Amino acid sequence: MYILGAGGMAREVKVYFDDLGIQVGGFVEQNSHRSGQELKGSLVIDAIDLGDPGKIELIAGIGSPLRRRWVEDLEAGGYRFKTLIHKNAYVGEDVKIGDGSIVCPGTIITTDVQIGRHCILNVKASINHDCVSGDFVTISPGATIGGGVEIGDETWVGIGATIIQRVKIGKGVFIAAGAVVVNDIPDNSLVMGIPAKVVRQLTPESWKTLI
């Protein structure tokens, strides 16, 4: 098992695997200047040094939805991704969680929920009945998602944000910390405030300045 990334999220994922008694072979970075260094008891290696795809499982310990390109490049190369559900998370009946997703301790997923591939449901997030999440979505610590909410691919829900029931969130949306979303949000929007309002439209370059 190798973890993509070597930042804060990756270190948290390493601790979660330790909790579950799963051995981690190391952290993987692209063009790493830290290759060979030790981190949380495991080595940092460069992506070019990854071994046989048939013998290695990966997980993306990168909070930003921009992780998508690297993950999909590795999948195209034959690498498999593991799903991590911490033992202190609650996952109810009829919940589907996609490959490569991470469910952190204290997270609650009630019932009849669909979580996409390579999503991160961070500490004490709450996802309620009949929600549907796309792929590469990040739900930050303490965020609350009401029943029947739909969230598009590559969306970021900030710390402590709230999305009320039956709201539809587009793709590539950034919801700021503490925002309260009461209306549908179009694709590629930056939203903040109580109630949340669209501040501006986002581009791939502007995403890099947000996280």
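## The largest pocket

Gln30, Ile62, Ser64, Leu66, Arg67, Arg69, Trp70 and Asp73 line the largest pocket. A pocket here is an open set of points on a 1 Å grid over the protein atoms alone, with protein on both sides within 12 Å along at least five of seven lines, and a lining residue has an atom within 4 Å of a point. The volume of this pocket is about 270 Å³, where a volume is the space filled by probe spheres set on the points, and grid points are joined across faces, edges and corners. Its lining divides into 3 nonpolar, 2 polar and 3 charged residues. For these classes, Ala, Val, Leu, Ile, Met, Phe, Trp, Tyr, Cys and Pro count as nonpolar, Asp, Glu, Lys and Arg as charged, and the others, Gly among them, as polar.

A word on the model: it is predicted, so local features need pLDDT of at least 70 and side-chain atom pairs count only at pLDDT 80 or more, while totals for chains, interfaces and linings use all residues. Residues are numbered from 1 along each chain as its sequence is written, and side-chain values use heavy atoms, with hydrogens and water left out.

## The overall build

Welcome to the wider view. The protein has 3 helices and 25 strands, which are DSSP runs numbered from the N terminus (helices: H or I, at least four residues; strands: E, at least two). Its radius of gyration is 17 Å, close to the 17 Å that the globule rule gives for 211 residues, so the protein is as compact as a globular protein of that length. That radius is taken over C-alpha atoms, and the rule is 2.2 Å times the number of residues to the power 0.38. Along the principal axes, the C-alpha atoms fill a box of roughly 45 × 40 × 30 Å.

Of the 211 residues, 49% count as buried; buried means under 20% relative accessible area, exposed over 50%, and partly exposed in between (1.4 Å probe, protein chains only). Among contacts with a separation of 6 or more, 25% are between residues 24 or more positions apart, a contact being heavy atoms within 4.5 Å.

## An enclosed space

The structure also holds 1 cavity of 30 Å³ or more. In a cavity, a 1.4 Å probe fits but cannot get out. The largest cavity has about 60 Å³ of space, and its lining is made up of Ile115, Leu121, Ile127, Cys131, Val132, Ser133, Val137, Ile139, Val149 and Ile151. By class, that lining has 9 nonpolar residues, 1 polar residue and no charged ones.

## A buried lysine

Lys14 is part of helix H1 (residues 8–20). Its relative accessibility is 7%, so Lys14 counts as buried. Apart from neighbours within four places in sequence, Lys14 is in contact with Ile3, Val24, Phe27, Lys40 and Ser42.

Most residues other than glycine have a negative phi, and most peptide bonds are trans.

Asp94 is not a glycine, yet has a positive phi of about 55°. Asp94 sits in the loop between strand S8 (90–91) and strand S9 (95–97), and with 57% relative accessibility it counts as exposed. Phe136 also has a positive phi, near 60°, and lies in the loop between strand S15 (132–133) and strand S16 (138–139). Phe136 is buried, with a relative accessible area of 0%.

Finally, Ile194 and Pro195 are joined by a cis peptide bond, with omega about -10°. Pro195 is found in the loop between strand S24 (189–192) and strand S25 (197–201).
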